[in-house]
Amino acid sequence: MPNGDTLAFENMLTYGMNLQFGVVDGRAVLVHPQGDRVTDVERVSDGTLSSDPLDCFANWARLRRLAETCVDAGTTVSPSDFDAPSPRARQIFGIGLNYRAHAVETGAPIPDSPLTFTKFSSSINAPFGDIPVTVPTCDWEVELVVVIGNGGRDIVKENGWQAVAGVCVGQDVSDRLLQRATQPPQFNLGKSRRGYTPFGPWLVDAHTLANRDNLTVSCTVNDVEKQRGSTDDLIFDVPTIVAYLSSIVELLPGDVIFTGTPSGVGGARKPPEFLQPGDVVVSTLHGVASITNHCV
Ligand code: ZN
């Protein structure tokens with residue numbers, strides 16, 4: 001416990017509160033309540049837990065116990081120091097049309113099973129990273145993002161939340177023209193341009209998040225609110241998505257699921273609106289944290 005006597009008690013990491021997990025300089029960290037200080041996982045665990053985020057996801061219960069018992073002053077960070085909280089995710093799933101009002105605004109029928117696409121991992125962006133806008137049809141989609149803990153196959157719906165390590169907010173940035181360039185549409189490439197997958201800034205432990213089935217996400221573009229939705233409006237909720245995906249593919253530690261966007265995307269507006277260099281997108285998971293992305 002470094003310098004314990006010289007620091008104000010409220011600056012110490014003293015758990016009994018929700019585990020918050022982040023990644024700074026590629027290393028796993030415990031994030032202090034205000035998000036302004038972090039504690040290195042490998043250091044504070046005396047090497048029993050690795051600095052590798054994927055290793056932490058595979059050992060999430062041990063990480064939680066570490067957080068419950070550790071007392072540490074941590075080091076100061078600024079928002080731009082955070083990487084995405086699963087920066088080397090091996091699989092990133094997106095769920096389309098998962099809010100009724102958004103399905104209606106796109107003119108698409110309500111799906112009868114989760115409409116699933118891929119965001120390729122090379123599109124992962126930091127929570128405060130810039131979004132390169134290189135096309136005229138770049139659009140916003142604020143979403144609740146969940147990151148998988150242990151993972152596995154054939155996870156039953158009743159255990160769906162237990163398979164989730166933590167939650168955060170993200171932007172499923174989308175090139176609408178590319179997304180619909182073919183018939184039938186193939187979303188994957190239109191969702192995977194450089195910088196199109198910012199999320200974070202850190203994860204809140206799903207295990208201890210009291211209102212995890214009723215979380216509010218919203219986003220503003222240049223301080224004008226464009227989207228707001230609550231996850232109790234999801235057509236397929238998080239446990240249903242986890243059960244569905246794991247019935248087909250193995251979910252791996254650190255996998256990322258973008259759970260769908262509420263209504264208010266730019267492409268569905270009359271007239272349509274799209275992102276341009278200079279725009280600022282702020283995405284918020286209410287009661288948790290926000291991310292900010294500048295379009296360049
Ligand atoms: Zn989306």
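**Pockets, strand pairing and the zinc site**

Helix α4 gives the most to the lining of the largest pocket, with 3 residues. The structure described here is a predicted model. About 330 Å³ of space lies in this largest pocket. Its lining is made up of 27 residues, and those closest to the centre are Leu97, His102, Thr106, Gln179 and Arg180. By class, the lining of the largest pocket divides into 12 nonpolar, 6 polar and 9 charged residues.

The second largest pocket has a volume of about 200 Å³. Its lining consists of Trp60, Ala61, Arg64, Gly149, Asn150, Trp161, Gln162, Ala163, Val164, Ala165, Ala206 and His207. The elements that supply two or more of these residues are α3 (60–69) and β12. The largest share, 3 residues, comes from α3. In the lining of the second largest pocket, 7 residues are nonpolar, 4 are polar and 1 is charged. Two domains take part in this lining: domain 1 (4–77) and domain 2 (92–294) each provide at least three residues.

Strand β9 (residues 124–125) pairs with β14 in the parallel sense over 2 bridges, and isoleucine 124 of the chain stands opposite threonine 197 in β14. Strand β2 (residues 20–24) is likewise joined to β14, by 2 bridges in an antiparallel arrangement. Here glutamine 20 has valine 204 as its bridge partner in β14, while phenylalanine 21 stands opposite leucine 203. Strand β14 is mostly covered, with 9 of its 9 residues buried.

Strand β2 is mostly covered as well, and 5 of its 5 residues are buried. In a regular strand, side chains alternate between the two faces of the sheet. In β2 both faces are covered: Gln20, Gly22 and Val24 lie on one side, Phe21 and Val23 lie on the other, and all are buried. Valine 23 stands opposite alanine 28 in β3. The hairpin formed by β2 and β3 has 2 residues between the strands, and in this hairpin aspartate 25 takes a positive phi near 55°.

The C-alpha atoms of glycine 22 and aspartate 83 are separated by 7.6 Å, although the two residues are 61 residues apart along the chain. Aspartate 83 lies in the loop between β6 (75–76) and β7. Its relative accessibility is 24%, and aspartate 83 therefore counts as partly exposed, since the buried class requires a value under 20%. Glycine 22, by contrast, is among the buried residues of β2.

The model also contains a zinc site. The zinc ion is coordinated by Glu141 (OE), Glu143 (OE) and Asp172 (OD), at 1.9 to 2.1 Å. In sequence, these donor residues are spaced E-x1-E-x28-D. The pair of glutamate 143 and aspartate 172 links distant parts of the chain, the two residues being 29 residues apart. Glutamate 143 belongs to strand β11 (residues 142–148), whereas aspartate 172 is located in the loop between β12 (164–171) and β13 (174–175). Glutamate 143 has a relative accessibility of 0% and so counts as buried. Aspartate 172 is also buried, because its relative accessible area is 0%.

Definitions and conventions
Residues are numbered from 1 along each chain as its sequence is written. This is a predicted model: local features need pLDDT of at least 70, side-chain atom pairs count only at pLDDT 80 or more; totals for chains, interfaces and linings use all residues. Side-chain values use heavy atoms; hydrogens and water are left out. Donors are N, O and S atoms within 2.8 Å of the metal (3.2 Å for Na, K and Ca); water is not among the atoms, so sites may look incomplete. Helices (H or I, at least four residues) and strands (E, at least two) are DSSP runs, numbered from the N terminus. Buried means under 20% relative accessible area, exposed over 50%, partly exposed in between (1.4 Å probe, protein chains only). On a 1 Å grid over the protein atoms alone, a cavity is a set of points where a 1.4 Å probe fits but cannot get out, and a pocket is an open set with protein on both sides within 12 Å along at least five of seven lines; lining residues have an atom within 4 Å of a point. Grid points are joined across faces, edges and corners, and a volume is the space filled by probe spheres set on the points. Ala, Val, Leu, Ile, Met, Phe, Trp, Tyr, Cys and Pro count as nonpolar, Asp, Glu, Lys and Arg as charged, and the others, Gly among them, as polar. Domain bounds come from an automatic or database domain assignment. Two strands pair if DSSP finds at least two bridges between them.
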